[in-house]
Amino acid sequence: MSTTQETAQIPVIDISGGQPDAEIGRALVDAAATYGFVYVKNEGKDIPVAAINRMFDLSKQFFASPATEKEKCKITQTIPPSSGGPSFLPSRHTNGPTKSILRLLYYPPIPPSFPSSNHLRAGAHSDYGSLTLLFRLPGQPGLEILPPSSSIAFTPVPIHPPGTEGDVAPPVLVNIGDLLSAWTNGLLRSTVHRVVFPGEGGGDRYSIAYFAHPVGTTVLETVPSERVRRAGLESGTSSGEGVKGMTADEYLLGRLRATYKGLYDNGEKGKGK
Ligand SMILES: O=C(O)CCC(=O)C(=O)O
Ligand SMILES: [Fe+2]
């Protein structure tokens with residue numbers, strides 16, 4: 001796989017109220033259908049910059065602490081999704097336990113003796129859930145996607161895309177996961193991505209990812225939208241084929257089993273070798 005020097009043309013969208021909701025909605029769906037990724041401009045109105053910085057500070061403290069300290073604070077907590085409106089998708093992400101999870105990610109520097117070019121910080125993958133919100137720090141690049149125009153060339157995703165250089169914080173990068181893609185007959189794209197070492201060496205890298213999942217008992221019947229129905233017709237996917245009426249928890253377990261084989265046999269996490 002090669003890497004081009006171009007950067008992904010992922011749209012930057014301002015959801016803070018300047019435009020009519022319908023227009024913002026259309027732009028978000030178009031970006032999600034084409035790229036599977038969208039930048040949400042962050043000028044500190046929707047998510048305070050201090051809150052993001054505090055989370056990164058906590059992450060740095062945590063990863064710098066001794067292993068014994070780390071064991072004391074398990075951070076794999078389940079976070080209830082923030083409340084949504086009465087519409088189809090938000091209502092299926094609220095009012096019940098979900099597998100949504102906030103992950104503080106730490107990528108250690110590469111040892112000087114390692115040739116950096118052959119190593120990845122995170123291998124190529126797509127995310128499992130509905131949506132992922134990714135927070136990154138200026139000066140810590142490395143994320144690359146397979147853009148729609150190419151199935152072989154990974155393309156860097158800049159932290160500050162053009163037009164956001166002066167913003168108080170980098171935009172939040174939102175991407176579609178496999179479940180939402182299947183739930184929409186493939187209309188919304190779950191895009192393969194990876195994290196590489198940026199050139200020589202590459203120091204510490206921190207990122208924060210919020211993986212949103214529907215309420216576990218949600219039955220995944222295809223999203224009842226005309227655009228979703230048409231996407232199914234165009235791709236030859238019959239309605240519901242990708243999700244087959246299974247629950248969100250069953251879907252996730254299927255994906256985990258496919259990835260981690262023995263670990264998730266019999267529905268019991270941690271079983272196996
Ligand atoms: O750290 C990043 O920039 C991306 C991480 C990621 O893709 C993931 O954890 O699923
Ligand atoms: Fe990912």
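# Close-up views of a predicted model

**View 1. Strands 6 and 7 pair side by side.** Over two bridges, strand 6 (residues 143-145) pairs with strand 7 in the antiparallel sense. Two strands are said to pair if DSSP finds at least two bridges between them; strands (E, at least two residues) and helices (H or I, at least four) are DSSP runs numbered from the N terminus. In this pairing Ile145 of strand 6 faces Thr155 in strand 7.

All views show a predicted model, in which local features need pLDDT of at least 70 and side-chain atom pairs count only at pLDDT 80 or more, while totals for chains, interfaces and linings use all residues. Residues are numbered from 1 along each chain as its sequence is written, chains are lettered from A and ligands numbered from 1 in the order in which they are written, and side-chain values use heavy atoms, with hydrogens and water left out.

View 2. Strand 9 is joined to strand 4 by three bridges, and His125 stands opposite His193 of strand 9. Three bridges also join strand 9 to strand 6, where Leu143 stands opposite Val195. Strands of a sheet pair through backbone hydrogen bonds, either parallel or antiparallel.

**View 3. The side chains of strand 9 point two ways.** In a regular strand the side chains alternate between the two faces of the sheet. On strand 9, His193 and Val195 point one way, and Arg194 and Val196 point the other way. All four are buried, a term used for under 20% relative accessible area; exposed is over 50%, and partly exposed lies in between (1.4 Å probe, protein chains only).

View 4. The shell consists of Leu105, Tyr107, His125, Asp127, Leu134, Leu143, His193, Val195, Arg205, Ser207 and Phe211, where a residue counts if one of its heavy atoms lies within 4 Å of the ligand. By class, six of the shell residues are nonpolar, three polar and two charged; Ala, Val, Leu, Ile, Met, Phe, Trp, Tyr, Cys and Pro count as nonpolar, Asp, Glu, Lys and Arg as charged, and the others, Gly among them, as polar.

**View 5. Polar side chains reach oxygen atoms of ligand 1.** An N or O atom in the side chain of Tyr107 is 2.6 Å from an oxygen atom of the ligand. For Asp127 the corresponding distance is 3.1 Å, and a polar side-chain atom of His193 also lies 3.1 Å from a ligand oxygen. A polar contact is a pair of N or O atoms within 3.5 Å; within protein, one must be able to donate a hydrogen and the other to accept it, and residues adjacent in sequence count only if both atoms are side-chain atoms. Ligand 1 taken alone exposes 290 Å², of which the protein buries 90% (Shrake-Rupley areas with a 1.4 Å probe; for residues, only the protein chains shown count as cover). Strand 3 (101-107), strand 9 (193-196) and strand 10 (205-212) each give two or more residues to the shell, and strand 10 supplies the largest share, three residues.

**View 6. Arg121 contacts two backbone oxygens.** Arg121 is placed in strand 4 and, at 13% relative accessibility, counts as buried. Its side chain reaches the backbone oxygen of Gly203 at 2.5 Å and the backbone oxygen of Tyr107 at 3.5 Å.

View 7. Thr98 is buried, at 7% relative accessible area, and Ser100 is buried at 1%. The Thr98 side chain reaches the backbone nitrogen of Ser100 at 2.9 Å. A polar atom of the Ser100 side chain lies 2.9 Å from the backbone nitrogen of His213.

View 8. Strands 1 and 2 run parallel and are joined by two bridges; Val12 stands opposite Tyr39 in strand 2.
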